[in-house]
Amino acid sequence: MTETAVDYENLKVVVFQLADKEYVIPVSQVQGIEKLIYITRVPKTPSFVKGVINLRGVVTPIIDLKNRFGLGESSLNESTRIIIITLDDMDDMDVGVIVDSANDVLDIPVGSIEPQPEVVGGMEQDFIAGVAKIDSRLLILLHLNHVLNPIKSGV
């Protein structure tokens, strides 16, 4: 397979951890994974918006994903990472999300992705695009458009 060919049978994802759970986002939406750098607070923003960073000359808003999911504040340490994401429907704006760690990159067979479980209720169900079980791992595929867009997600 050439580098420009698209693999429709597998979804290449970045795996990251939040509060002992593994989440995934498509590699196609990830612009980079950075170590934690100084974040400038922005007044009068929701608690999950930690501020902005200057990343290679581009001012990028930073979201604490753990806080966004109602899991408390992220405890910042050596393994904490900022994943820089670009979403097409947000005018190609870059957004950084703080995660506990970024573990690896995987190919998930598209057929192994199941719809979100029915037991998920409330606003959080909009955040989950699907769930994949790979060996003994349960990976939660996020719907980033809803997670990062407060208007769509009802915040």
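Predicted model: local features only at pLDDT ≥ 70, side-chain atom pairs only at ≥ 80, totals over all residues.

Residues are numbered from 1 along each chain as its sequence is written, and side-chain values use heavy atoms, with hydrogens and water left out.

## The overall build

The protein chain has three helices and 11 strands. Helices (H or I, at least four residues) and strands (E, at least two) are DSSP runs, numbered from the N terminus. Read from the N terminus, the order of elements is β-β-β-β-β-α-β-β-β-β-β-β-α-α.

How much of the chain is buried? Of its 155 residues, 42% count as buried. Here, buried means under 20% relative accessible area, exposed means over 50%, and partly exposed is in between (1.4 Å probe, protein chains only). The protein chain exposes about 8,900 Å², and carbon and sulfur atoms supply 54% of that area. Such areas come from the Shrake-Rupley method with a 1.4 Å probe; for residues, only the protein chains shown count as cover.

Contacts (heavy atoms within 4.5 Å) also tell us about the fold. Among contacts in the protein chain with a separation of 6 or more, 54% come from residues 24 or more positions apart.

Strands of a sheet pair through backbone hydrogen bonds, either parallel or antiparallel. In this report, two strands pair if DSSP finds at least two bridges between them.

Let us follow strand E6. Six of the seven residues of E6 are buried, so this strand is largely enclosed by the rest of the structure. E6 pairs with E7 (residues 93-99) in the antiparallel sense over seven bridges, and E3 and E6 are antiparallel too, over five bridges. Ile 85 has Val 95 as its bridge partner in E7, and Val 30 stands opposite Ile 85 in E6. Thr 86 also lies in E6, and counts as buried at 14% relative accessibility. The C-alpha atoms of Thr 86 and Gln 31 are separated by 6.6 Å, although these residues are 55 residues apart along the chain.

## The six-stranded sheet

A second open sheet has six strands in the order E8-E1-E2-E11-E10-E9, again with mixed pairing. E8 (101-109) and E9 stand at the edges with a single partner strand each, so one side of each is left without a neighbour in the sheet. E2 (residues 21-26) and E11 (residues 137-142) run parallel and are joined by three bridges. Tyr 23 has Ile 140 as its bridge partner in E11.

## Aromatic rings

A pair of aromatic rings is described by the distance of the centres and the angle of the planes. Rings of Phe, Tyr and Trp (its six-membered ring) pair if their centres lie within 6.5 Å; planes under 30 degrees apart count as stacked, over 60 as edge-to-face and the rest as tilted. A search of the whole structure finds three aromatic pairs, including these two:

| Pair | Centre to centre | Angle between planes | Type |
|---|---|---|---|
| Phe 16 and Tyr 23 | 5.8 Å | 20 degrees | stacked |
| Phe 69 and Phe 127 | 5.5 Å | 35 degrees | tilted |

Where do Phe 69 and Phe 127 lie? Phe 69 is in the loop between H1 (65-68) and E6 (81-87), and Phe 127 is in the loop between E9 (113-114) and E10 (128-134), so the pair ties together parts that are 58 residues apart in sequence. Phe 69 is buried at 12% relative accessibility, and Phe 127 is buried at 2%. Phe 16 and Tyr 23 are both buried as well. These four residues, Phe 16, Tyr 23, Phe 69 and Phe 127, form one aromatic cluster.

Ala 19 is not a glycine, yet its phi is positive, near 50 degrees. Ala 19 sits in the loop between E1 (10-18) and E2 and is partly exposed at 33% relative accessibility. Arg 56 likewise has a positive phi of about 50 degrees without being a glycine. Arg 56 lies in the loop between E4 and E5 (58-64) and counts as exposed at 64% relative accessibility.
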